[in-house]
Amino acid sequence: MSDVKIVDVVVTAALLDGAGSANVVVPLNATDQYKIRNIILVGGGTNFAAGGNRLIDLTDGTTVWTTIANADIEAAPAASLMYGNAKVPFLTGKSDVASVAGATIAFKYSGGTTDHGGVGSITFAVTLEKVA
């Protein structure tokens, strides 16, 4: 039987600015693999600073499971949003893809060129299934 766990991850501009990341899971073994089973963008965060133009990906460096648009972090949602919502979209063909063996799964900036100057904080609840 596989292991399923829910991980709350606070993603801040301070962590992501300058090519940083907010880790969801760091595998203990080089063979560990995970599937993302759900992502909730928890309502009530703090808006990321206007003027940045970065997106946020949930990725293992190879697979991207979702991409949060810049506009949706600059105006943090008041209500929680589930995976599959337009603001936490399913990406075609990625909803049942396992992570690369031994790869850390994390939220990271993508796209754009301007970070958010250390201002902003949103939380995600990520459901992971360990499959190997």
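I started with Ala71, which sits in helix α2 (residues 70–74). This is a predicted model, and I kept that in mind throughout. Is Ala71 buried or exposed? Its relative accessible area is 52%, and the cut-off for exposed is over 50%, so Ala71 counts as exposed.

**Entry: the whole chain**

I listed the secondary structure next. The protein chain has 2 helices and 8 strands. Along the sequence the pattern reads β-α-β-β-β-β-α-β-β-β. The C-alpha trace spans about 45 × 30 × 25 Å along its principal axes. Of the 132 residues, 42% count as buried. Residues 24 or more positions apart account for 82% of them.

**Entry: the sheet with β8**

What is the strand order in the open sheet that holds β8? I read it as β1-β8-β3-β6, 4 strands with antiparallel pairing. At the edges stand β1 (3–12) and β6 (81–82). Each has a single partner strand, so one side of each is left without a neighbour in the sheet.

I went through the pairings one by one. β1 and β8 are joined by 10 bridges in the antiparallel sense. One residue I followed was Ile6, whose bridge partner in β8 is Thr127. β3 and β8 pair antiparallel over 9 bridges. Here I followed Asn38, and its partner in β8 is Thr127. Leu41 has Leu81 as its bridge partner in β6.

How many of the residues of β8 are buried? I found 7 of 10, and β8 is mostly covered.

**Entry: the sheet with β7**

The other open sheet I looked up has 4 strands in the order β2-β7-β4-β5. Its pairing is antiparallel. The edge strands are β2 (21–25) and β5 (64–68), and each pairs on one side only. From one strand to the next, the twist averages 25°. I then took one pairing in detail. Strand β4 (residues 55–59) and β7 pair antiparallel over 5 bridges. Leu58 has Phe107 as its bridge partner in β7.

**Entry: the aromatic pair**

The structure holds 2 aromatic pairs. I looked at the one made by Phe107 and Phe124. Why does this pair count as stacked? The ring centres are 4.2 Å apart and the planes stand at 20°; planes under 30 degrees apart count as stacked, so this pair qualifies. The pair links distant parts of the chain. Phe107 is in strand β7 (residues 105–110) and Phe124 is in strand β8 (residues 121–130), 17 residues apart. I noted that β7 belongs to the order β2-β7-β4-β5, while β8 belongs to β1-β8-β3-β6. Accessibility came next. Phe107 has a relative accessible area of 0% and is buried. Phe124 is also at 0% and counts as buried.

**Entry: Ser110**

I stayed in β7 for Ser110, which is placed in that strand. Its relative accessibility is 15%; buried means under 20%, so Ser110 counts as buried. What does its side chain touch by a polar contact? The partner is the side chain of Asp57, at 3.0 Å. I also listed the contacts of Ser110, leaving aside neighbours within four places in sequence. They are Arg54, Leu55, Asp57 and Thr67.

**Entry: Ala19**

Last, I checked a backbone angle. Ala19 has a positive phi of about 70°, although it is not a glycine. Where is Ala19 found? I placed it in the loop between α1 (13–16) and β2. At 75% relative accessibility, Ala19 counts as exposed.

Note on methods: Residues numbered from 1 in each chain as written. Predicted model: local features only at pLDDT ≥ 70, side-chain atom pairs only at ≥ 80, totals over all residues. Heavy atoms only, no water. Phe/Tyr/Trp six-rings, centres within 6.5 Å; stacked < 30°, edge-to-face > 60°. Buried < 20%, exposed > 50% of the residue type's maximum accessible area, 1.4 Å probe, protein only. Polar contact = N/O pair within 3.5 Å; in protein donor to acceptor, adjacent residues only side chain to side chain. Contact = heavy atoms within 4.5 Å. Pairing = 2+ DSSP bridges. Axes fitted to C-alpha atoms, helices over the stretch in contact; angles between N-to-C directions.
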